[in-house]
Amino acid sequence: MDSLNTTFGFNFFLICIDLIAYKILCSKKEQLYLKIIEISTSKTTPQNSKSNSKSNISNLIELKKIAETSPNLFYIEFLLVFPNFVNEINKLNKSINTNEILVCAYIKLNYSTKEIARYTKSSVRAIESKKFRIRKKLKLTSNDNLNDFLIHLE
């Protein structure tokens with residue numbers, strides 16, 4: 001009977017841990033949705049180019065902070081700051097997937113391969129492979145620099 005109580009107690013403990021993990025996940029999703037709503041409702045057109053420039057700089061600073069903490073939120077924020085970027089890449093090749101576009105977004109912000117790997121929780125080799133596939137899909141030659149190409153892409 002003791003082993004039954006111990007087994008039941010352990011199983012109950014595991015269920016509690018699962019519930020706590022689920023609650024944390026739901027909380028993070030809720031924060032993500034609230035951030036999306038906040039961003040989409042707070043975007044206003046600046047009155048002059050000087051404030052537009054300041055707004056762009058503050059958007060990039062915020063984007064860099066998000067890039068280092070949450071790849072999913074970073075992707076959404078990146079699309080708001082650079083709305084035409086994905087369309088321009090898709091014009092070049094429609095077969096580029098979302099993960100490759102995410103890597104392109106990090107490259108556009110001039111992150112190194114090691115930084116991209118760390119922020120996306122991938123290996124450096126995995127990011128190198130993605131960069132190779134992206135170069136191939138964009139039909140870049142060995143003389144073309146992927147970073148420069150993406151940085152100058154709208």
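Start by selecting Thr113: this residue is buried, with a relative accessible area of 17%. Buried means under 20% relative accessible area, exposed over 50% and partly exposed in between, with a 1.4 Å probe and protein chains only. Thr113 sits in helix 6. Helices here are DSSP runs of H or I with at least four residues, strands are runs of E with at least two, and both are numbered from the N terminus.

Now show the neighbours of Thr113. Leaving aside residues up to four places away in sequence, Thr113 touches Val124, Ile127, Glu128 and Lys131. A contact means heavy atoms within 4.5 Å.

A note on the model. It is predicted: local features need pLDDT of at least 70, side-chain atom pairs count only at pLDDT 80 or more, and totals for chains, interfaces and linings use all residues. Residues are numbered from 1 along each chain as its sequence is written, and side-chain values use heavy atoms, with hydrogens and water left out.

Zoom out to the whole chain. The protein chain has 8 helices and 0 strands. Of its 154 residues, 29% are buried.

Next, select Phe74, Phe78, Phe85, Tyr106 and Leu150. These have the most contacts inside the largest nonpolar core, which has 32 residues. Such a core is a set of buried Ala, Val, Leu, Ile, Met, Phe, Trp, Tyr and Cys residues joined through side-chain atoms within 4.5 Å. Colour helix 5 next: the largest share of this core, 7 residues, comes from there.

Finish on Leu150. Not counting residues up to four places away in sequence, Leu150 touches Phe85, Ile89, Cys104, Ile107, Lys108 and Leu138.
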